[in-house]
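Hi everyone, thanks for making time for this. I'd like to walk you through one structure today, so let me put the sequence and the model up on the screen.

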Amino acid sequence: MHPCLTCGACCAHFRVSFHWSEADPDQGGVVPIGLTEPLRVHERVMRGTSRKSPWCVALDADIGRYSRCTIHDRRPSVCALVPASLEFGERSVQCDKARLAHGLPLLVEADWVGVMEAEKNPLPET
């Protein structure tokens, strides 16, 4: 099983801000605008992530036990750009920071044993 499915720490640690067009269907955006709020002139933010204790409105989780993004196929690009540590052979500063903030151990190579390549989250092309 992919380690993110038993984590959710990043979705409950960071502010998720992105260009407004990602939530504008007229611009090809797919992020549900009702789950966002304005941040700055050209940015929107996922509701719940600007609080002192962030928790993305799209997160369904018990941190460290189970986790799922209710809009995974329509999530903001910034979410897709955060790999889990060692998912592609390198540590992820964001993943490590979020896991430690929630009292979870850092991922190790053994956490990836048995995870099929098809289960890994491919990084979007830039």
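Let me begin with a question: through how many residues does a hairpin join β2 to β3? Before we get to that, please keep in mind that what you see is a predicted model.

Now, back to the hairpin. The link between β2 and β3 runs through two residues. Strand β2 covers residues 36-40, and strand β3 covers residues 43-46. The two strands pair in the antiparallel sense, with four bridges between them.

Next, the cysteines. How many disulfides does a search of the whole structure find? The search comes back with zero. Let's take C56 as a case. The closest cysteine sulfur to that of C56 belongs to C11, and the gap is 6.1 Å, which is too far for a bond, because a disulfide needs the two sulfur atoms within 2.5 Å. C95 is in no disulfide either; for C95 the nearest cysteine sulfur is that of C7, 6.0 Å away. Are C56 and C95 buried or exposed? C56 has 8% relative accessibility, so C56 counts as buried. C95 comes out at 9% relative accessibility and therefore also counts as buried.

Let's turn to the charged side chains. As a friendly reminder, side chains of opposite charge can pair when their charged atoms come close. In this model the count comes to five salt bridges, and I have picked some to show you.

One of them joins D60 and R68, with the closest N and O atoms 3.2 Å apart. D60 is partly exposed at 27% relative accessibility, and R68 is partly exposed as well, with a relative accessible area of 45%.

Another salt bridge links D62 to R65, where the closest N and O atoms are 3.0 Å apart. Here D62 is partly exposed, at 31% relative accessibility, whereas R65 is exposed, with a relative accessible area of 60%.

Then there is D96, which forms a salt bridge with R91; the closest N and O atoms there are 2.8 Å apart.

Terms used:
Residues are numbered from 1 along each chain as its sequence is written. This is a predicted model: local features need pLDDT of at least 70, side-chain atom pairs count only at pLDDT 80 or more; totals for chains, interfaces and linings use all residues. Side-chain values use heavy atoms; hydrogens and water are left out. Buried means under 20% relative accessible area, exposed over 50%, partly exposed in between (1.4 Å probe, protein chains only). A salt bridge is a side-chain nitrogen of Lys or Arg within 4 Å of a carboxyl oxygen of Asp or Glu. Two strands pair if DSSP finds at least two bridges between them.
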